[in-house]
Amino acid sequence: MDLQIALLLGQDGITNGAIYALLALALVLAFAVTRVIFVPQGEFVAYGALTLVAVQSGQLPGTVWLLVIAGALVALVELVAAARASRWRGVPSTLAWNLAYPLALAALLSAVPLQGLAMPLQILITLAVVVPLGPMIYRLAFQPLAEASVLVLLIVSVAVHVVLVGIGLLLFGPEGSRTPAFSDGRFEFAGMTVTAQTLWVIGCSIALIWVLYLMFERTLYGKALRATAVNRTGARLMGIPTALAGKLSFLLCALIGVASGILIAPITTIYYDTGFLIALKGFVGAIIGGLASYPVAAIGALLVGLLESYSSFYASAFKEVIVFTLIIPVLWWRSLHAHHVEEEE
Amino acid sequence: MSARTFLLLFVAALALAPLFLPAFTVTLLNYIGLYSLVALGLVLLTGVGGLTSFGQAAFVGMGAYTTAVLTTATALPPWLAWVGASTWLALLAGLGLTLIFAAAIGGLTLRLSGHYLPLGTIAWGISLYFLFGNLQLLGGFTGITGVPPIEVFGYALESGREIFYLIWLFLLSGIITVNNLLDSRQGRAIRALKGGRLMAEAMGVNTTDARLAIFVLAAMQACASGWLYAHLQRFVNPTPFSLHAGIEYLFMAVVGGVGQVWGALLGATVISVSKQWLQDLLPKLVGSAGNFEVIVFGVVMVIVLQRARDGLWPAVARWVPLRRPPRTIDPGVPPLARRPMPAPGEIVLEVKGATKRFGGLVAVNQLSLTAAAGEIVGLIGPNGAGKSTTFNLISGELDLTEGEVVFRGRPLHGLSSREIAALGMSRTFQHVRLLPAMSVIDNVAIGAHGRGNPGLLVGVLAGAWRLERRDEARLLAEAARQIERVGLADYMFEPAGSLPLGKQRLLEVARALASDPCLLLLDEPAAGLRYLEKRALAELLRRLKAEGMAILLVEHDMEFVMGVVDRLYVMDFGQKISEGSPQHVQRDPRVLEAYLGGVE
């Protein structure tokens, strides 16, 4: 391998690694706040990418109907809960978000010629359609189990993943798609060609991480999430509802997932089930960070991207094997530091 | 109907089934048997051990591929060729390989929190799937054809009707051995894994090894299922061993009911049958081909976990009321060997300058105390004084920041609570830690886990095949003796969780005594006891003292403490503020100040 190829592979690795890093951060966030190991993260990547594909080809994306149905289910569940407790205060806003919003969005999207819109608008539509599914999934699948063990939550998480992959096949079909690059520019930089898409991915990832950081540091909701992550019971005693923290963290996870999907769609062909493997690489990063440390998770994810890129050069058939085997030394290193037996939560 | 009659009827029905049922149904039953064998391992892991694995399909694949390669290859190296000569040797090779890999994966992840194993198995499942698909030796994604049938005493099991008997023989012996195992010494340790690890370690159970044992067992059951599968299909390719197949096995276990071994069979049946049906129905409904049944399965799984954590089995079990034979304890068996007690007056426990800091908080500060054989020592102080922290430092649940604990002349630095328990120290907990669903006698028997323990491997094998009944009878007799001693004889076979709190505390005392300790740490044993019960407990403590045991007692009931102890230490804010006889301590102005506020 000469330097040129090494640099090219490095560029590839960093681009993918940046996306894995975003996903790793989302996984750490979800785990810290809700103890859910968020396996369906990958489906948001695929849904985001494929919804954008549908919008760009002028079709009404199938995810809109999923949003309408999921919203209706949430509304139903909330109404039943409200009727049982005879507490009707939050119901109007619940109905607005879960019934009115999806229906209004569906009506709007069927009326507007999607194909002709500018790309930023198409991206915005994609976000508006897919991201609200995050909190809805939390409400339907996880909120009733908020006090269950990590193990039960993990099994539910995998079940939700399987359901979403099945629905993905139903909505998008088995064919893979790509979206056009955000821009076609190329630059010469230190003797190698850098595509504009690479810069977009890296730039957007850094911007998104920065926004998240500001949110956690500066806003009340961000602080509430941090408090919940540190001590769930304590946060609840201080008046932070667990359900709100859960929905909020799933909203952020969905946002990060969809954004990653939109960023990666011009680089890789996305199928309805591709998201899982992409998110799993974020997982490997998150595990390197012990599902606890944001910076270590991000660096770990970058490492995964680089490892994947270089191993695809040397042994392309075995690149997945190599990437997933990486967690073995990581787990080994972690287990050296595990001294005391802990009760499972 | 008794369980035995039911089992016999079931076996008779199975024996007749292939003679009368159509080929399609026999094939379905074959697959149900294969899937149940894998799901059985998951019941053991998930329902009993509180762990789970998404990678069981990869172990199935390991069994299938090992036998397929060995029995079809023409150019094996000579040192390996003899294994390919018989399908049974190939089974052993597959089991051996599975043992090595499962032990490696388990060894890496099982010391960590419980969610690292399932995460590790996801990565393992994916890696192995790609390895199956990409290795030339394994035939790539097209797979290996021409796998020979299994031969039993020279008779080849060529048809589905013939291999049917072998599959169900494997499954039934799997179910029976797992049931046996759970009802043995190691089985109790395994049943303590879910929600009782801390307690089990303090009773001398190596919970990491117990976790490893069930993971390896589950993997080997999956491997055996793969071996049968390869010789039923007579060909293998990577598809049935993917991660999604692994997830489907977990569906079966969860839907059937992870709490009970028969749940595996029920779950595999329900999922296999409904899969057949949904695969016909759904594509017609949605108008395109695809595995849409997974949507239904996933939704059902979420609903089961939200609404009925025990799966379908309890609902089915209600229709088949099985009588369980009453359990009996044979008091005539020879008692378990006891450890030599230290001489009366020998210093058993010495704590020197113990300090524990949690961040900025000093929970215990420069505490020193001793306890001698044949002595009851009290440790009192207001709430938050650091008494329970001191207990945790002595018994090894917490690490000292500074200082030293010496037990029978041996510094305990760096030892885990399990190793310390093995030296002859036992304890009760301030917040009772017991396994509420298990009977009182099983809970107490965990205390005796380390006595005459033949080790994990022997214990698991002997337990699975009921070769340790004599040993088990001695263990249970010992547990029963301790239960009678603390006055709980009437509750011996009740679930521990049904006892009132005070009696649960007495159960903990019995459990601690079952380990035959020479130092007993009791954390508020009298809380929640009634007057007569307290008197009986005080009487018991005096008797133990007379036998030469050293007892360290944390208690808030002053009347009880002052009546029973020889010496007292008083703590406040992590410091020792007074020590001496009850009379001396009661007059100490510092003690009065700590308890009652300033005395002018």
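This is a predicted model: local features need pLDDT of at least 70, side-chain atom pairs count only at pLDDT 80 or more; totals for chains, interfaces and linings use all residues.
1. Helix packing in chain A. Look at helix H2 (residues 41–56) and helix H7 (residues 150–172) of chain A. Their axes lie 10 Å apart, and the packing angle is about 15 degrees. Angles under 35 degrees count as roughly parallel. H2(A) and H7(A) are therefore roughly parallel to each other. Their crossing is left-handed.

2. Who makes that contact. H2(A) contributes A:Glu43, A:Ala46, A:Tyr47 and A:Leu50. H7(A) brings A:His161, A:Leu164, A:Val165, A:Gly168 and A:Phe172. By class, the residues of this contact split into 6 nonpolar, 2 polar and 1 charged.

3. Chain B overall. Chain B has 24 helices and 14 strands. Its C-alpha trace spans about 90 × 55 × 50 Å along the principal axes. Of the 600 residues in chain B, 51% are buried.

4. Contacts in chain B. Take the contacts in chain B with a separation of 6 or more. Residues 24 or more positions apart account for 75% of them.

5. One residue in chain B. B:Leu217 sits in helix H10 (residues 207–233) of chain B. Is B:Leu217 buried or exposed? It has 24 C-beta neighbours inside 10 Å, so B:Leu217 counts as buried; the cut-off for buried is 20 or more.

6. Partners of B:Leu217. Setting aside neighbours within four places in sequence, B:Leu217 is in contact with B:Gly41 and B:Leu44.

Notes: Residues are numbered from 1 along each chain as its sequence is written. Chains are lettered from A and ligands numbered from 1 in the order in which they are written. Axes are lines fitted to C-alpha atoms, for helices over the stretch in contact, and angles run from 0 to 180 degrees between N-to-C directions. Helices (H or I, at least four residues) and strands (E, at least two) are DSSP runs, numbered from the N terminus. Angles under 35 degrees count as roughly parallel, over 145 as roughly antiparallel, 65 to 115 as roughly perpendicular and the rest as oblique. A crossing is left-handed if the near helix is turned anticlockwise from the far one by less than a right angle, and right-handed if clockwise. Two residues are in contact if their C-beta atoms, placed from the backbone, lie within 7 Å. Ala, Val, Leu, Ile, Met, Phe, Trp, Tyr, Cys and Pro count as nonpolar, Asp, Glu, Lys and Arg as charged, and the others, Gly among them, as polar. A residue is buried if 20 or more other C-beta atoms lie within 10 Å of its own, exposed if 12 or fewer, and partly exposed in between; C-beta atoms are placed from the backbone.
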